[in-house]
Amino acid sequence: DFGPTFANEKLFEIDKIKIGVQTLRNWLIKEGLWQRQRKRKKYRRWRERKHCFGEMVQLDGSHHLWFEDRGPKCVLEGYIDDATSDKYGWFYKYEGTMPAFDSLKRYIKLNGIPQSIYLDRHTTYKSTKKPTIEDQLNNREFLSQFERAAKELGIRVIHANSPQAKGRIERSFKTDQDRLVKEMRLKNISTIKEANKFLKNYWSKHNKKFAVKPLKQSNMHRLVPKDMDLDAIL
């Protein structure tokens, strides 16, 4: 089930066999292993990217059979920079507050504190408590633990109103569910522990291929202040 482009990459990387992508595509079509892909018409206008790395990061959890039939279903907590499409992620048993905190801590240690995070209204990220009239009069807002931590870290949290609004990370997950699944199949990875060990080197390779140059070269991630206790906040 490898597409011609990805099959071409792995044939050279693993077996040192060099074949033109179009030649390989023609062979696969002839053998009934691949169909010509129709180009889909654009049905909506994409939102313009942010200009700087770290200006906004999209975060979401992807529930999937990442190990196919070799292991249980799990969640990839994925981060993608809006300006560059630079990707990061880590596997967990479920999508919840502690996985969100752990993945955010790992992201911050790698890149620094982003200016803002764009995510959905999953109960992990958005408080569901309804304010009373008294709360509204006193301008009292209820925060999820994730929103509370983000506020302490100086990160602006933006909640998307629809899956289409956070299309960049949704499309990125489709790529992961194709390429990353097959990469782990080739390595016979079947546990979260093995998968996360593999991810340590995987993202740099992935980003080299798929990330783009930002409109502005400024890095808007902030260093963690020396007097800030990251563990206490998370």
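**Salt bridges in close-up**

**View 1. Arg179 and Glu9 form a salt bridge whose closest N and O atoms are 2.6 Å apart.** The pair links distant parts of the chain, with Arg179 in helix α6 (residues 167-186) and Glu9 in helix α1 (residues 4-15), 170 residues apart; helices are DSSP runs of H or I with at least four residues, strands are runs of E with at least two, and both are numbered from the N terminus. A salt bridge is here a side-chain nitrogen of Lys or Arg within 4 Å of a carboxyl oxygen of Asp or Glu. This is a predicted model, in which local features need pLDDT of at least 70 and side-chain atom pairs count only at pLDDT 80 or more, whereas totals for chains, interfaces and linings use all residues. Residues are numbered from 1 along each chain as its sequence is written, and side-chain values use heavy atoms, with hydrogens and water left out.

**View 2. Lys87 and Asp176 meet through their side chains in a salt bridge of 2.2 Å, N to O.** Lys87 lies in strand β3 (residues 87-92) and Asp176 in helix α6, so the pair ties together parts 89 residues apart in sequence. Lys87, at 2% relative accessibility, counts as buried, and Asp176 is buried at 0% (buried means under 20% relative accessible area, exposed over 50%, partly exposed in between, with a 1.4 Å probe and protein chains only).

**View 3. Glu68 and Arg185 are joined by a salt bridge of 2.8 Å, N to O.** Glu68 sits in the loop between β1 (57-64) and β2 (74-81), and Arg185 in helix α6, 117 residues apart. Glu68 is partly exposed at 24% relative accessibility, as is Arg185 at 29%. Both belong to a network of salt bridges that also links Asp1, Arg70, Asp178 and Lys182.
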